[in-house]
Amino acid sequence: MLQALQSPAQATYGLISGQILFLVLNTLGLACFAYIVARRLTPLLHGERDLRFDRPLLRLEKVLQFWLGQWKHPRYRTAGVVHILIFTGFILLATRAFSLLILGISENFALPDSSAGIGHFYEVIADYAATVVFLCMVFAVVRRIIFRPARYEVPARHGKSHKVDAIFLLGLIAILMLSESLFEASKAASLAQQGHAEFLAFFSLAWVLRNALSSASQSTLWNLHRGAYLLDVLTFYFLLCYRPFGIQFHVETSLFNVYFAKLDRGTVKPVRWGVSDEQLDQVKSFGVKTFEDFTWKHMLDFYSCADCGRCSDNCPANSVGRPLSPRFITIKARDYSFQHYPMFGSAGNSKSLIGGIYSEDEVWSCTTCGACEEECPLLIEYIDKIVDLRRGLVDDGNVPKSIQKALKALESRGNPYGKMEKKRADWTKVEDFPDIKILNGKASADTLYFVDSITSYDDRIQAIGRATARILKDAGENFGILGAIEKDSGHDVRRFGEETLFMALRYHNVDAIKASGVRRIVTADPHAFNALKHDYKDVPLVEHISQVIAREVKSGKIKLSRVENENNVYAYHDPCYLGRHNQVYDEPRDVLDAIPGLKRVEMSRCRDRSSCCGGGGLMLFYEPKEEERMGVKRVQMAAEAGANVIVTACPFCMVNMEDAIKVAGMEGKMTAIDLAELVDQHIAREGPKAGVVREEYVTA
Ligand code: SF4
Ligand code: SF4
């Protein structure tokens, strides 16, 4: 038999037989990997509970869509396509990798059977897969070195660049692809020289190498053959054991991370899983203060991050220079975990994360807009972690002063402005405004219009409340408001980490809503909408006013007149808590498109990639360190899209947009209007007011 045809198991390496050598290498490699993974998983055993074993079919669906289907990757076209090619290549090469490892200890082992048609077919597929993966590695290295996409860069405040590590790993994968192709090519070249032409996939790496080696001597080919095999095995196990020390660990953890991903949008995790609201007073410490306060799933998130930078690239806080970059929330926690839980020896004492790896400003800078989570291909969660870190700060009394004031007012008056409860319905007391039922036990209605604090008390925003009420009247709704007995929905109180206050507000509102006897709730405030839909329990179905308008425009109950100024160009800004968190993207656009003559354009960032206006709720009371305002960026985007009117469907967006128009010096060039106001302005009503622009909407 020709030497070049020998299996690595029959070869000798120095004085050691191949079979013994590879038996030792396989055993050592697997044992090392098992040890490393066990050490890496140790912190998860110390983490908090997280109930992620429900709804297995839905979880499986997520795996098929986001892991196997790589659903989110093409959101970045070039990198996404490259990742899909690499991922598909790895899946296809998994059988060959296993087969190659066994070949070292079991002579002529092949899976699938190489003497059968299926075996040949698989070899061709695997040859192309290895070639594609190799080329992708070359491409990725060139991209990292020459084109250097900004999202991979590490700002100085977050530590050292990750480039060398990334290139090293890409290089190792390239070596793996090269070594297995060389192993095959050297054998094929040897056979070809002896008249036994073996089919290799045209233009594959193995095919190119075989042709390049066609005139090499038999002994060179034999040395290359067994050398390539040894290199392949060593690289495989080195990669396997090195991956858990860095970003490549996601290769192992991503499947589990996606399976255990959060299933419910718009929700916030409970203070402690398995502890009911009624038992919360028995919880000694709220939120996350040390690493072990994170849940095991959140720790798994830290291991699963691929360091792709998509989250931070889309984070509005990061883009305006706030001290927050979600990618580094993960990377810093992962580095902490690696140092704190070393490979050998026992774990160190737990240290406070705030002041240790995170700063307070970093944690308060998040608007909970959800852009990072929407973008992450591995479904890594941020909002729950940030809320948990805030809960820890609140528990220790470390709350920024401006927010403390608002929280105190919420506690005493039920609104963050500290205004009198009895003035809550004063927005209805204007001339020419129809009577609105107050559902405080004296009247009944089918529908509750939940107004919430900003619309009740802010002089400018009250116009949105009046527009909403008029639209509900026009739609023939039998509705009322809670008036003085309504309290703040508590949406942002919860997201700022004040769970106990949130619960008090929720209990109060739920009782008032139940006592009103309504069958449904409507609100024009996406924050209230999200709270009533996801944070409250046992309340009737809730809709945002844009959904009601869209339906009633369709049914013909609401008729819209022609736009007054046909030169205006409108751009719709998706509020985070209506769009990303609740997937209401189409209805507001349908409403705009139903106004005859209205010209609408889309901003570069729209729908699930919409950019946060600066945040709602308590964000209005917090002045973070930043280089630029998020709202200013947003109105500039509207101008770039060719719009001169920015339409939103959230009172907080309205405050931020109008402020941004002034700050950006765009008064007279750009106007902001709420969707409800725009519709109220265009409802074709009977009588002299039909089609007249109300003074209260003239904003700039
Ligand atoms: S939720 Fe928004 S602001 Fe917060 S980290 Fe994610 S992208 Fe940034
Ligand atoms: S969290 Fe997700 S989006 Fe952000 S860097 Fe990691 S893998 Fe990429």
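This is a predicted model: local features need pLDDT of at least 70, side-chain atom pairs count only at pLDDT 80 or more; totals for chains, interfaces and linings use all residues.
Colleague: Which residues come nearest to ligand 2?
Modeller: Ligand 2 has 13 residues around it. By class, this shell holds nine nonpolar, one polar and three charged residues. The residues that come nearest are Cys305, Cys308, Cys311, Cys376 and Tyr382.

Colleague: Where is the cis peptide bond that involves Pro112, and what is its omega?
Modeller: Pro112 sits in the loop between α3 (77-103) and α4 (117-147). The cis bond joins Leu111 to Pro112. Its omega is about -10°.

Colleague: Is Arg55 buried, partly exposed or exposed?
Modeller: Arg55 belongs to the loop between α1 (18-46) and α2 (56-68). Its phi is positive, about 40°, although Arg55 is not a glycine. Buried means under 20% relative accessible area, and exposed means over 50%. Arg55 has 36% relative accessibility, so it counts as partly exposed.

Colleague: What is the relative accessibility of Arg148?
Modeller: Look in the loop between α4 and α5 (163-193) for Arg148. Arg148 is not a glycine, yet its phi is positive, near 40°. Arg148 counts as partly exposed, with a relative accessibility of 45%.

Colleague: How are α24 and α25 oriented: roughly parallel, roughly antiparallel, oblique or roughly perpendicular?
Modeller: Two packed helices are described by the angle between their axes and the distance between the axes. Helix α24 (residues 630-640) packs on helix α25 (residues 651-663) with the axes 8 Å apart and an angle of about 80°. Angles of 65 to 115 degrees count as roughly perpendicular. Therefore α24 and α25 are roughly perpendicular.

Colleague: Which residues make that contact between α24 and α25?
Modeller: By class, the contact residues are six nonpolar, one polar and one charged. Helix α24 gives Gly631, Val632, Arg634 and Val635. From α25 come Met657, Ala660, Ile661 and Val663.

Colleague: Which strands stand at the edges of the open sheet?
Modeller: Four strands form this sheet, paired parallel, in the order β9-β8-β10-β11. The twist averages 35° from one strand to the next. An edge strand here has a single partner strand, so one side of it is left without a neighbour in the sheet. The edge strands are β9 (599-601) and β11 (671-674).

Colleague: Which residue of β11 stands opposite Thr648?
Modeller: Strands of a sheet pair through backbone hydrogen bonds, either parallel or antiparallel. Strand β10 (residues 645-648) runs parallel to β11, and four bridges join them. Opposite Thr648 stands Asp674.

Note on methods
Residues are numbered from 1 along each chain as its sequence is written. Chains are lettered from A and ligands numbered from 1 in the order in which they are written. Side-chain values use heavy atoms; hydrogens and water are left out. A residue is near a molecule or strand if one of its heavy atoms lies within 4 Å of it. Ala, Val, Leu, Ile, Met, Phe, Trp, Tyr, Cys and Pro count as nonpolar, Asp, Glu, Lys and Arg as charged, and the others, Gly among them, as polar. Helices (H or I, at least four residues) and strands (E, at least two) are DSSP runs, numbered from the N terminus. Buried means under 20% relative accessible area, exposed over 50%, partly exposed in between (1.4 Å probe, protein chains only). Axes are lines fitted to C-alpha atoms, for helices over the stretch in contact, and angles run from 0 to 180 degrees between N-to-C directions. Angles under 35 degrees count as roughly parallel, over 145 as roughly antiparallel, 65 to 115 as roughly perpendicular and the rest as oblique. Contact means heavy atoms within 4.5 Å. Two strands pair if DSSP finds at least two bridges between them.
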